[in-house]
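Here is a friendly briefing to read alongside the model. Keep the viewer open and follow the topics one at a time.

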Amino acid sequence: MGTIAAAISATAAAAASSHGGGRRHRRGSVAVRCSPAADERQALFSRIAPVYDQLNDVLSLGQHRTWKRICVSWSIEGIGIRVLDLCCGSGDLAFLLSQKVGIDGEVMAVDFSRQQLQTAASRQDQRWKSCYKNIKWIEGDALDLPFPDRYFDAVTVGYGLRNVVDKSKAMREIRRVLQPGSKASILDFNKSSSFFTASLQSWAIDNVVVPLASSYGLTEEYKYLKSSISEYLTGEELEKLAKEAGFSAAKHYELGGGLMGDLVATH
């Protein structure tokens, strides 16, 4: 049965204990730290959790599945390895990672929304692949990861970095827990420098995304999407962010006609 891990090994949890500051919610041996801004975003994603997957399918016409497969393929080399899916949401990337690393691999799926994790764990129970047993769902903070240095062979982030309060610190944490030579693959909406693409994206949010979300009673929650993209980083800025965090190489690729983007950063 899929369960949310309220505690992980003492070795991994010790990595979080040395960080201070901010307000912390204790979950067994895992400290979940939230600033006021993070609390607000945490509440937002908890509200949309029940319909998150359905809306993704409708709004992207199913294309989000292709983009997620690309994100995973750019992060992993080999089977039987340990990987992290950060800001895992309802688990799409974690399930893909599980299939890639195989039954002898290990997937740690971290999110700050307990409701999203409960949805992911429920989906795990409903699926039949034996490899899905290698997924552990963990409630945690992207800015204070409860893992030792150099713990993972790959990291993925799907539509999460844009919503993190301190993106620079999140990138440093991702690099810290990665093995040297390993990759992080970070998928999100693309903040395009093209006027046409940016205009199309803005029109779609105003005229398709928000009206559809309104039918689920989530108007305000999805209005947030437009401002979060405008406050996000361009591909060039994301590459710079990764290199400033200590990654040796970083390349941002546009997907979906420039509406989406994936940053691939090498430790």
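The protein chain has ten helices and ten strands; both are DSSP runs numbered from the N terminus, with at least four residues (H or I) for a helix and at least two (E) for a strand. This is a predicted model, in which local features need pLDDT of at least 70 and side-chain atom pairs count only at pLDDT 80 or more, while totals for chains, interfaces and linings use all residues. Residues are numbered from 1 along each chain as its sequence is written, and side-chain values use heavy atoms, with hydrogens and water left out.

**The chain as a whole**

- Of the 267 residues in the protein chain, 54% are buried; buried means under 20% relative accessible area, exposed over 50%, and partly exposed in between, with a 1.4 Å probe and protein chains only.
- The accessible surface comes to about 11,800 Å², and carbon and sulfur atoms hold 53% of that; the areas come from the Shrake-Rupley method with a 1.4 Å probe, and for residues only the protein chains shown count as cover.
- Among contacts with a separation of 6 or more, 73% join residues 24 or more positions apart; a contact means heavy atoms within 4.5 Å.

**Nonpolar cores**

- In the largest nonpolar core, which has 36 residues, the members that touch the most others are Ile76, Val83, Val107, Ile135 and Trp137; such a core is a set of buried Ala, Val, Leu, Ile, Met, Phe, Trp, Tyr and Cys residues joined through side-chain atoms within 4.5 Å.
- Elements giving two or more residues to this core include H4, H5, strand E5 (106-111), H6 and E6, as well as strand E8 (178-189).
- H5 supplies the largest share of this core, with five residues.
- Another core, of 32 residues, lies apart from it and has Val157, Ala170, Met171 and Ala242 among its members.
- As background, nonpolar side chains tend to be buried together in soluble globular proteins.
- Beyond its neighbours within four places in sequence, Ile135 is in contact with Ala94, Phe95, Ser98, Val107, Ala109 and Gln124.

**Aromatic rings and a charge over a ring**

- The structure holds seven aromatic pairs; rings of Phe, Tyr and Trp (its six-membered ring) pair if their centres lie within 6.5 Å, and planes under 30 degrees apart count as stacked, over 60 as edge-to-face and the rest as tilted.
- One of them is the tilted pair of Trp74 and Tyr253, at 4.8 Å centre to centre and 45° between the planes.
- Trp74 sits in the loop between helix H4 (63-73) and strand E4 (82-86) and Tyr253 in strand E9 (residues 249-255), so this pair ties together parts that are 179 residues apart in sequence.
- Trp74 is partly exposed at a relative accessible area of 29%, and Tyr253 is also partly exposed, at 35%.
- Phe95 and Tyr132 make an edge-to-face pair, because their ring centres are 4.9 Å apart and their planes stand at 65°.
- That pair links distant parts of the chain, with Phe95 in helix H5 (residues 92-101) and Tyr132 in the loop between helix H6 (114-126) and strand E6 (135-139), 37 residues apart.
- Phe95 is buried at a relative accessible area of 2%, and Tyr132 counts as buried at 5%.
- Phe95, Tyr132 and Trp137 are linked into a cluster by ring pairs.
- Arg82 lies over the face of Tyr151, 4.1 Å from the ring centre; a charge sits over a ring if NZ of Lys or CZ of Arg is within 6 Å of the ring centre and within 35 degrees of the ring normal.

**Strands**

- E9 and strand E10 (residues 260-266) run antiparallel, joined by seven bridges; two strands pair if DSSP finds at least two bridges between them.
- Lys251 has Val264 in E10 as its bridge partner.
- Four residues separate E9 and E10 in their hairpin, and Gly256 in the turn has a positive phi of about 55°.
- E5 and E6 pair in the parallel sense over five bridges, and Asp111 stands opposite Glu139 in E6.
- E6 is largely enclosed by the rest of the structure, because four of its five residues are buried.
- Thr156 lies in strand E7 (residues 152-158) and counts as buried at 1% relative accessibility.

**Backbone points to check**

- Most residues other than glycine have a negative phi.
- Cys87, in the loop between E4 and H5, has a positive phi of about 60° and counts as buried at 19% relative accessibility.
- Arg150, in the loop between E6 and E7, has a positive phi of about 55° and is exposed at 52%.
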